[in-house]
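Thank you all for coming. I would like to walk through a few local features of one model, so please have the sequence and the structure open as I go.

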Amino acid sequence: MRDVFVMWRNTRMVVLVALSAAIYAAILIPFKIIPIVPGFTELRPGNAVPIVCGLLFGPAAAWGCAIGNLIADFFGTIGPGSFFGMIGNFLFAYVPYRVWVMFKGFRPPSGSWKEVPLLVLAIFMGSGACAIVIGSGVELLGLVPYVILTSIITINNTVVGIVLGIPLLILMYPRARRWNLTFSQVMQEDDIRGTRLTPIAGLLVLVACIIGVFAALDMGGHIADWAMKLGILDMQPVIGDNGKPVPVSLLVPAEMSLLQLGLWCSLAILVGSSLMAKVGLGRRPAAGQVEQTTGGQAGTGGLVVEDVEFAYPDGGEAALRGITFTQGAGQMRFLMGRTGAGKSTLCLCLNGVIPQMQSGAFSGSVQVGGLDTSQWSVDQLSRVVGLVFQDFETQLFCSDVELEVAFGLETRGVPRELMRERVDYWIDALGLRHLVGRDPSTLSGGEKQRLALAAVMAAEPPAVVLDEPTTDLDPAGRAEVMEAVGQLADDGRTVVVATNESAEAADADGLLVLQEGVLAYEGAPASLLQDIQASAALGLRPDPLAELAAAVGLAQVPQNVQQAVEMLRERSARLDEEAFSSAQASEQTQSVRAPAATLENVSYSYGRAPALHEVSLQVRRGEFVAILGPNGSGKTTMCKLVTGLLVPDSGTVAVNDQDVSEMRASELAAQIGYLYQNPDSQIFADTVFDEVAFGPRNLGRTTGRIRELVIEALAITELTGYEDTDPFSLTRGERQRVALAAVLACEPGIIVFDEPTTGLDVPQQEAMMQLLKRLQGQGRTVIVVTHHTKMALRYAERLVLLRQGRVLADGPTRRVVNDNEAFAAAGQCLAPLVAISQELFGVPLLSAEEFERYVHLG
């Protein structure tokens, strides 16, 4: 029963224990008022839970149902027999799971018709094992006869398991699979796989269940009677003291009582179920061996990755294929590639989450600081390598910023003085001092990302793996974080950073690029990023100076802004002032369109933390407006106020000249749509069609009109053909388009999008922004909150700069960018091409395309 014990090392399995226990107890307790045997058992429709949870969650459900049954007993049937009730309910969930694995392997059942015969067998064996153990145990205590409890429990469990359990399994399987909660997705196959004894053990359990159950059901001797009537047996009836024939059970030996038979069957079931899985506790180095193995300093942090392959248990293509590279201590490498290329998967391999906690087919080896990640537990490896997840919010759980940073140090027993020193250093290094005392749940996305970084860095492990650590940071904050990360490498630590931002990788010691799970490039960053075609082929954004050189015809790529200025001056670069002035004049033409969204003297606070201060802003119909500003400046708050998700402390918010506070939710949804930064926050349906249809259906549209709106929205977002697809099976970019389609189906004239490019690779970012531009061209108003300055400059016709809840600047994009002081105060870094054009011509050119259009060499 190795799986029963090693599962406690996995956090998700522990959570599933609690979940199974809570659900089981919650369903059992109300039926305590309908007893079958008062004080011992009752009507139990909840007995479908151990069957379904056992088949999906494996040993976690066995523990959970044992605990849940005990909890329920405290509401009416607690007593000495509850001990046997725990064991019986453990087997009720565990035996069906082991029977399924014995016949079908690592993939749990879905409830299809082809699976029903095996499911019925598994349900009977689980029900019988539960009934026999409880029945024999309770009679051993002298409480209730074996024949009564065993018969009732077997019939109740089997009928409920088949009638309710199988339909419930059909309902729960796709959701458990989607959320990566099935035993095959959480545990390692080696810990679940059986042995050569498994079939024999399974047969032993089956025979014991048949004998134990049918012996109880046949106390009247009916089987023997029918056998004699059919001529199969020739038995002389036994006459009792009262002169009447005594019933004879063929399943109970003459010299044995029914209780003794039940006890022997119980022993066979316990032994057999134990041998259906591997025995032992699996390999796990003893605590403290990290220091012994690595000379007391938890290793040097060097990485050795050899022929690593990994495939998730969904049966799809391998996420990683043949990855091999080495990285010395003190080096900083960047990991790049398109979405789905395998970057996050490789990051998880580097700290042992794969294969220790994420199930799947893993081969090859990963060594960090001399430790093989497949041989050491994740908590032990955390002393050698720290990891910041792409979904960084999953790492935050304390109620105070300082406590969050200190948590890892506390668990390792770091002396208080040193702990205080490290916490203070990283809070200051990552610009978190003004957030001390705040609850992490109240922080902005970028502030949470910095906090997750600080919590990992404070432990100062020899190696640090950062999975897209700057996605939610403003440009200035991104620069600060990357400076701190660079300092880690300068201090001799090994650093791996997964990113989609080419500018961050420019000064790294090396660059790794993945393409469809294969290492497509390993070498110097500049060699690839200055090659526009090669970069584009791998889905990367080229060096902007390389784009500049190609746009104006420079023979060499400048290495920095100053060199670019000198090279252009040497070539007598000049600005086509007539063409540029004409374009600038059209940009600054005042709009006479009606207002779409208006804020007048709006203020809002989160408790004592002010977010907006008397903000006044008007967005007109058909505009494409980008809102920029540092983390925590109030950008998302402003969007939530405009969409009615928040109510201002003071001031008024209007949409199409209607006060938002006076509008019904349905009215507001029909006029303005809001897309969250994380699309998963607003996706919940089982299919793309149902997701997109949800809004218009709730707005009262007719069935025919709903279908028209869904088809149109899917066409606009290029999702035609995905109607029956589970939205959670799609990529991040596709899920964002599903969320956008769901908004478009409500036919709003205004679309508010919070960070539309977060989590997307370069081609996906461009596709999303081009889609929003097309929507503007169709007459819709587009309001975008973004930290991606380059995208804002390229696509938005108007910029709004926020800082500390106040508007710093508002106007045409080129004019706002030219206000260097306000631009810097809003946490924005001047793009290289803008800096070059300002120094050469005194005006900002916003892209390489504009250099090609307006700049000519002499």
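This is a predicted model: local features need pLDDT of at least 70, side-chain atom pairs count only at pLDDT 80 or more; totals for chains, interfaces and linings use all residues.

Let me begin with strand β19, which two bridges join to strand β20 (residues 658-659), the two strands running antiparallel. Residues are numbered from 1 along each chain as its sequence is written, and side-chain values use heavy atoms, with hydrogens and water left out. Strands here are DSSP runs of E with at least two residues, helices are runs of H or I with at least four, and both are numbered from the N terminus; two strands pair if DSSP finds at least two bridges between them.

Within this hairpin, Val655 has Gln658 in β20 as its bridge partner, and of the two residues between the strands, Asn656 in the turn has a positive phi of about 50°. β19 (residues 650-655) is also joined by five bridges to strand β16 (residues 595-606), again in an antiparallel arrangement, and there Thr598 is partnered with Ala654 of β19.

Which other residues have a positive phi although they are not glycines? Glu460 does, at about 50°, and it sits in the loop between α19 (445-457) and β11 (463-467). Glu516 does as well, with a phi of about 50°, in the loop between β13 (510-515) and β14 (518-523). Glu460 counts as partly exposed because its relative accessible area is 27%, whereas Glu516, at 61%, is exposed; the cut-offs are under 20% for buried and over 50% for exposed, with partly exposed in between, using a 1.4 Å probe and protein chains only.

On the backbone there is also a cis peptide bond between Ile354 and Pro355, with omega about 15°, and Pro355 belongs to helix α15 (residues 353-356).

Finally, the surface: a nonpolar patch of about 750 Å² includes Leu197, Trp264 and Val279 among its residues. Patches take residues with over 30% relative accessible area and no salt bridge, joining nonpolar side chains (Val, Leu, Ile, Met, Phe, Trp, Tyr) within 5 Å and like charges within 9 Å, where a salt bridge is a side-chain nitrogen of Lys or Arg within 4 Å of a carboxyl oxygen of Asp or Glu. Helix α12 (258-275) and helix α10 (198-217) each supply at least two residues, and the largest share, four residues, comes from α12. Leu204, also in the patch, is located in α10 and is partly exposed, since its relative accessibility is 36%.

Terms used
Accessible areas come from the Shrake-Rupley method with a 1.4 Å probe; for residues, only the protein chains shown count as cover.
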